[in-house]
Amino acid sequence: MQLPNPIAWTSAGQIRLLDQTLLPSEERYLVLDSVESVAEAIKTLRVRGAPLIGIAAAMGVALAAEGGPEQVRAAAAMLGATRPTAVNLHWALRRMERRADRAAMVGEALAPALRAEAQAIWDEDREMCERIGALGAPLIPHGATVGTICNAGALATGGIGTALAPIYHHQRLGRGLHVVVPETRPLLQGSRLTAWELTRAGVECTLIADGMIASRLRLGDVACVLVGADRIAANGDVANKIGTYGLALAAKVHKVPFYVLAPTSTIDPSVPDGAAIPIELRAAEEVSEWQGVRAAAQGVSVWNPAFDVTPAELVTAIVTDRGVVPPGQISRLMD
Ligand code: MRU
């Protein structure tokens with residue numbers, strides 16, 4: 001099974017990043033050697049997906065370590081301002097800052113300590129993906145057709161993904177599944193990224209436009225829906241890519257189980273419910289243009305939230321690396 005490696009260290013200690021804005025037409029790798037270039041890559045979605053932006057930001061902070069503790073703090077502030085919704089980003093940055101403080105306290109060399117911490121964040125994420133895959137796989141009947149949205153696969157994490165992890169778990173065991181992939185407007189993470197990733201891995205998939213979701217679920221052949229998350233509130237409300245809420249509503253009406261799959265680094269117990277999750281608003285041009293060409297009527301106003309909140313009551317269960325729980329019990333996992 002061939003999965004992409006969206007991020008790596010170069011032998012010279014820089015960051016090698018797959019530019020996801022160019023997929024699927026071009027597989028181009030960028031070499032980043034400054035915090036500014038990592039922040040730009042996160043903002044523009046060259047690197048994306050909640051767990052992966054946490055890993056990229058941690059690696060970005062490690063780049064700043066040669067400059068000393070002041071530079072580390074400035075790097076964390078710059079990277080933290082790139083995207084507000086995915087809590088993994090802020091979780092990883094806090095962890096890097098704490099590690100820097102500890103190194104300073106005991107007089108340890110900063111650069112190797114921070115590079116090791118960034119690597120640990122990445123390694124742990126890879127393991128969490130594997131556990132999510134193993135725990136989620138029994139929820140999917142053999143040979144089933146499943147739905148998803150956006151991209152919560154290898155391109156979004158340090159491992160085999162979250163929502164796509166159980167699919168890859170089955171695929172490795174030779175049990176094929178079929179995945180229905182909504183294109184995921186406006187930036188097409190479904191058609192550009194998920195369809196590309198699944199096809200390369202040899203997983204059968206069918207692309208649909210977002211407006212076809214409800215009709216497809218009404219057909220009755222989708223066994224369950226698997227989605228990722230950018231932040232899970234203490235009450236089990238889930239922020240994820242815009243369109244997830246509509247998918248969850250359609251799943252509820254058609255009695256299709258709706259599973260959210262995420263590492264524990266995506267749970268934010270400090271946020272009581274979905275209303276308190278900051279939702280990123282992005283540029284109007286992402287909706288009104290396609291690749292720089294105007295596609296909407298001149299002068300029309302645009303609303304472009306990158307994420308929505310699915311209320312806990314629409315979620316059948318949350319699959320994390322620590323277990324499968326009903327959404328109302330998510331904070332139990334954090335004790
Ligand atoms: O704007 P994006 O592409 O970063 O949004 C990504 C998502 O919404 C994913 O579903 C989420 O981050 C989970 S990725 C494992």
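Of the 335 residues in this protein, 56% count as buried, where buried means under 20% relative accessible area, exposed means over 50%, and partly exposed is in between (1.4 Å probe, protein chains only). Before you start clicking, know that this is a predicted model, in which local features need pLDDT of at least 70, side-chain atom pairs count only at pLDDT 80 or more, and totals for chains, interfaces and linings use all residues. Residues are numbered from 1 along each chain as its sequence is written, and side-chain values use heavy atoms, with hydrogens and water left out.

**Stop 1: the whole chain**

Show everything as a cartoon. You'll find ten helices and 16 strands; these are DSSP runs numbered from the N terminus, with helices (H or I) of at least four residues and strands (E) of at least two. The C-alpha trace spans about 60 × 50 × 40 Å along its principal axes. Of the contacts with a separation of 6 or more, 74% are between residues 24 or more positions apart; contact means heavy atoms within 4.5 Å.

**Stop 2: Ser34, then helix α1**

Select Ser34, in the loop between β3 (29–32) and α1. Is Ser34 buried or partly exposed? It is partly exposed, with a relative accessible area of 23%. Now pick Ile160 as well: it is 126 residues from Ser34 along the chain, and their C-alpha atoms are separated by 27 Å.

Next, colour α1 (residues 35–43) and α2 (residues 50–63), which pack at an angle of about 165° with their axes 9 Å apart. Axes here are lines fitted to C-alpha atoms, for helices over the stretch in contact, and angles run from 0 to 180 degrees between N-to-C directions. That makes α1 roughly antiparallel to α2, since angles over 145 degrees count as roughly antiparallel, under 35 as roughly parallel, 65 to 115 as roughly perpendicular and the rest as oblique.

**Stop 3: α2 against α5**

From α2, look for Pro51, Ile55, Ala58, Met59, Val61 and Ala62; from α5, for Leu114, Arg115, Ala118, Ile121, Trp122 and Asp125. This contact has ten nonpolar residues, two charged and no polar ones.

**Stop 4: Val72**

Jump to Val72 in helix α3 (residues 69–80). Val72 is buried, with a relative accessible area of 2%. Which residues does Val72 contact, leaving aside neighbours within four places in sequence? They are Val61, Ala64, Ala65, Ala100, Leu110 and Leu114.

**Stop 5: Asn88**

Finish at Asn88 in helix α4 (residues 87–106). Asn88 counts as buried, at 1% relative accessibility. Not counting residues up to four places away in sequence, Asn88 touches Ala50, Pro51, Gly54, Asp230, Pro263, Ser265 and Thr266.

Key: Nonpolar A, V, L, I, M, F, W, Y, C, P; charged D, E, K, R; others polar.
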